[in-house]
Amino acid sequence: MKTLIAAYSGVLRGERRAEGARSASPNGGAALSREGSGRWGVACSVILMYTFCTDCWLIAVLYFTWLVFDWNTPKKGGRRSQWVRNWAVWRYFRDYFPIQLVKTHNLLTTRNYIFGYHPHGIMGLGAFCNFSTEATEVSKKFPGIRPYLATLAGNFRMPVLREYLMSGGICPVNRDTIDYLLSKNGSGNAVIIVVGGAAESLSSMPGKNAVNLRNRKGFVKLALRHGADLVPTYSFGENEVYKQVIFQEGSWGRWVQKKFQKYIGFAPCIFHGRGFFSSDTWGLVPYSKPITTVVGEPITIPKLEHPTQQDIDLYHAMYMEALVKLFDNHKTKFGLPETEVLEVN
């Protein structure tokens, strides 16, 4: 779905030029995988099962045999491919909105990092474009830093899809994977966690700048255990690219969403963008609204093998303060009034 949208986005951008994008603990992840990648995963599985019934059955057998031996590779950083990350289609994807990445401070290659990405939005398009592709030149802006966008672990159980996800530098958002990347993969690693998770996506709507963070402390505990610096990251415009039907607390719709979130790991959202061929109709193509991802100043974190709750609360408070400061320092540059306040829930 993303590739299709990206290709279509490039066509739209070309037309315009011719005329004058679940929780803070290691159990959540970016919605980009749950929506688009989930569909591709099912499609790939169906095709492979069909292959078993054709003359090409041996190919499917060999792949599944190899898959058994390769099963744990996603937990060890995967197989990043610069060729995939540099596909031209991602530049079309970037230019459609457009999406840009803003660097405010240098990152030391001798340290490891956890980026807290905010807000979740509906699809996490800014997170996908900036950190799992080279469309916004993340490797040039942060030389020596390897970004790993963390997403739902279930996607890596999908044959073929898992290969694509790993090639983009996407990893499972679980404790084993993050522990490995921050302790056994050298330095210069940056794990990007969409802190608000599925709960935050339920309140995503144009004109709203709100994050679910006050009770999300799992990522801070991980940072303390590994001595990984915390980097607040805010994407202005992430909530603008889709419109959503918001169910009020206590309604049947919100009840269903919360049950899905609790037992399956994501919350189904009723949302729409523009039509595939016309901006005057509803569809799944996102609106072409600018998304600007600002990477803030890293917060130096000490390594504490057994951090206390007091330690976690202290650095969590520092992180919240840094995120609000990052928002306030840049909001007017990207079309928000000086009076706009970041809502921290």
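Me: Which residue stands opposite Arg274 in S10?
Reply: That's Trp282. Bear in mind that this is a predicted model.

Me: How many bridges join S9 to S10, and which way do they run?
Reply: Two bridges, with the strands antiparallel. S10 covers residues 282-283.

Me: OK, switching to the seven-strand sheet. What's the strand order?
Reply: S1-S11-S7-S2-S5-S3-S4, in an open sheet with mixed pairing.

Me: Which strands stand at the edges?
Reply: S1 (99-103) and S4 (170-172). Each has a single partner strand, so one side of each has no neighbour in the sheet.

Me: What does the twist average?
Reply: 25° from one strand to the next.

Me: How many bridges join S7 to S11?
Reply: Four, between residues 229-236 of S7 and 291-295 of S11, which run antiparallel. Thr233, for one, has Val295 in S11 as its bridge partner.

Me: Which strands does H13 touch?
Reply: Helix H13 (residues 309-330) packs on the sheet and touches S2 (113-118), S7 and S11. Its direction makes about 35° with that of S7.

Me: Cys171 and Cys269, then: buried or exposed?
Reply: Cys171 is buried, at 0% relative accessibility. Cys269 has a relative accessible area of 13%, and buried means under 20%, so Cys269 counts as buried too.

Technical notes. Residues numbered from 1 in each chain as written. Predicted model: local features only at pLDDT ≥ 70, side-chain atom pairs only at ≥ 80, totals over all residues. Heavy atoms only, no water. Buried < 20%, exposed > 50% of the residue type's maximum accessible area, 1.4 Å probe, protein only. Pairing = 2+ DSSP bridges. Axes fitted to C-alpha atoms, helices over the stretch in contact; angles between N-to-C directions. Contact = heavy atoms within 4.5 Å.
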